[in-house]
Amino acid sequence: MVRTAKETRKKRGRGRPRGMGPAPKDFKDRFQKFYYAHREDLNDARRKAYQEKRAKGICVRCGKKAVKGSVFCTDHRQKSRA
């Protein structure tokens, strides 16, 4: 039986595993402490901003107009191919 790419992807997954690891007991600085205290809200806000920029056709890194079929502008698209 031959599996399609979509079936393989569903089984294997993409990128890092879902979920967040435990917070460390000792924090390096106050910024790390703040991040671990509010990381669910921060990640939701980042995901929402990414989706909004993508829907508007704006580069997700700088805010310039994105290339058609991409989430990056010409500069960032070129840099990401390096």
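Me: Is P22 buried or exposed?
Reply: In this predicted model, P22 is found in the loop between α1 (5–12) and α2. Its relative accessible area is 76%. The cut-off for exposed is over 50%, so P22 is exposed.

Me: Which residues does P22 contact, leaving aside its neighbours within four places in sequence?
Reply: P22 and Y36 are 14 residues apart in sequence, and their C-alpha atoms are 9.0 Å apart in space. Contact is judged on heavy atoms within 4.5 Å. With neighbours within four places left aside, the contacts of P22 are Y36 and R39.

Me: Is the pair of F27 and Y36 stacked, edge-to-face or tilted?
Reply: The whole structure holds 2 aromatic pairs. In the pair of F27 and Y36, the ring centres are 6.0 Å apart and the planes are at 35 degrees. Stacked needs planes under 30 degrees apart and edge-to-face needs over 60, so this pair of F27 and Y36 is tilted.

Me: What kind of aromatic pair do Y35 and Y36 form?
Reply: The rings of Y35 and Y36 are 5.4 Å apart, centre to centre. The angle between their planes is 80 degrees. Planes over 60 degrees apart count as edge-to-face, so the pair of Y35 and Y36 is edge-to-face.

Me: Where is the kink in helix α2 centred?
Reply: Helix α2 covers residues 30–56 and is followed by G57, whose phi is positive, near 80 degrees.

Me: Is H76 buried or exposed?
Reply: H76 has its place in helix α3 (residues 74–80). Not counting residues up to four places away in sequence, H76 touches C59, R61 and C62. Its relative accessible area is 17%; the limit for buried is under 20%, so H76 is buried.

Me: Which residues make up the largest nonpolar core?
Reply: F72 belongs to this core. Not counting residues up to four places away in sequence, F72 touches several residues, including C59 and V60, which are core members too. The largest nonpolar core has 5 residues in all: C59, V60, V71, F72 and C73.

Key
Residues are numbered from 1 along each chain as its sequence is written. This is a predicted model: local features need pLDDT of at least 70, side-chain atom pairs count only at pLDDT 80 or more; totals for chains, interfaces and linings use all residues. Side-chain values use heavy atoms; hydrogens and water are left out. Rings of Phe, Tyr and Trp (its six-membered ring) pair if their centres lie within 6.5 Å; planes under 30 degrees apart count as stacked, over 60 as edge-to-face and the rest as tilted. A nonpolar core is a set of buried Ala, Val, Leu, Ile, Met, Phe, Trp, Tyr and Cys residues joined through side-chain atoms within 4.5 Å. Buried means under 20% relative accessible area, exposed over 50%, partly exposed in between (1.4 Å probe, protein chains only). The bend at a residue is the angle between axes fitted to the seven residues ending there and the seven starting there. Helices (H or I, at least four residues) and strands (E, at least two) are DSSP runs, numbered from the N terminus.
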